[in-house]
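Student: I would like to learn how to read salt bridges in a model. Please take me through the cases one by one.

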Amino acid sequence: MRKKKEECKSFPAWLTSFSDLMSLLLTFFILLYSMSSLDISKAAKFLSYFQGERAKYFRKFSVVKPIKLYTKDLARKFGRILARLLPISGYQIVVTKQYVMLRLFNRILFKKDSIELTPQAKKTLDQIAETIKKLGGNYTIRVEGFTDINAPSKKMPGIKDAWDLSLRRATTVVRYLISKGIPPDKLTAVGYGDTRPLYVWNNPILRSRNRRVEIYIQVSKERKEIEKQIQEEYQRLKYRKEGVITNGTKTEKSTGNKTISRP
């Protein structure tokens, strides 16, 4: 007897599981996208459906942005500047949640056996100062100077010892930043002499890298500024609830047919 020809070709069993997986992944990504932006007023309205009493009205909330330290972004900016102006062996960048530290080695920062800045160092500090000024005063800077046990290699006029040399070099960087518009009250100079070496091996190349200046830039938002913004927001919501209209330095409150003005 002749066999009946199959009308529809059967699919492999794994294809069904694969299509289910793709559907689940699509649902998951749609869910992530929907959660990427959240309207607070709509969220409050949705949550009210699960409470015992329906909310009578909903207000739009202005959320004060939390304190955020932009140290990573700041480090990237400094990285692009230093990479353009200095050799890769002339600097290091350290970034934490509290600060960005720029480590500049003395062989490119100062003239040999001197506290005078090189032209290359001045160009670099010019760009660093311009970037710092864009922070809007929301920063503090500490400049630390370091030497090595063999520095200075010869006696320098006006320099007593390694401690004095490290402090004078840190002060030179501070004074130059001040001349470029950085407020003096934002700056601090510290000298450590040869007491905090990076390398202790008896290698002249490594020992030379102990002679350095480190610039610590700490960016932080004052807590008082945040509290002031929160207080203003609470006051604005309170006035809206009481029907008080704020206009310049006066506030007017509507009470029936009368209007009460307050200074």
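Tutor: Start with arginine 212. Arginine 212 is buried, at 3% relative accessible area. Buried means under 20%, exposed over 50%, and partly exposed in between (1.4 Å probe, protein chains only). This is a predicted model: local features need pLDDT of at least 70, side-chain atom pairs count only at pLDDT 80 or more, and totals for chains, interfaces and linings use all residues. Residues are numbered from 1 along each chain as its sequence is written, and side-chain values use heavy atoms, with hydrogens and water left out.

Student: Which residue forms a salt bridge with arginine 212?

Tutor: First, the general idea. Side chains of opposite charge can pair when their charged atoms come close. The rule asks for a side-chain nitrogen of Lys or Arg within 4 Å of a carboxyl oxygen of Asp or Glu. Here the partner is glutamate 214, with the closest N and O atoms 2.9 Å apart. Glutamate 214 is buried too, at 3% relative accessibility. Shared partners join Arg103, Arg212 and Glu214 into one network.

Student: How many salt bridges does the rule give?

Tutor: Seven. One of them links arginine 76 and aspartate 73, at 2.8 Å from N to O.

Student: How far apart are arginine 76 and aspartate 73 in helix H3?

Tutor: Three residues, so about one helical turn separates them. Helices are DSSP runs (H or I, at least four residues), numbered from the N terminus. H3 covers residues 71-85. Arginine 76 is partly exposed at 48%, and aspartate 73 is partly exposed at 37%.

Definitions and conventions. Helix = DSSP H or I, 4+ residues; strand = E, 2+ residues; numbered from the N terminus.
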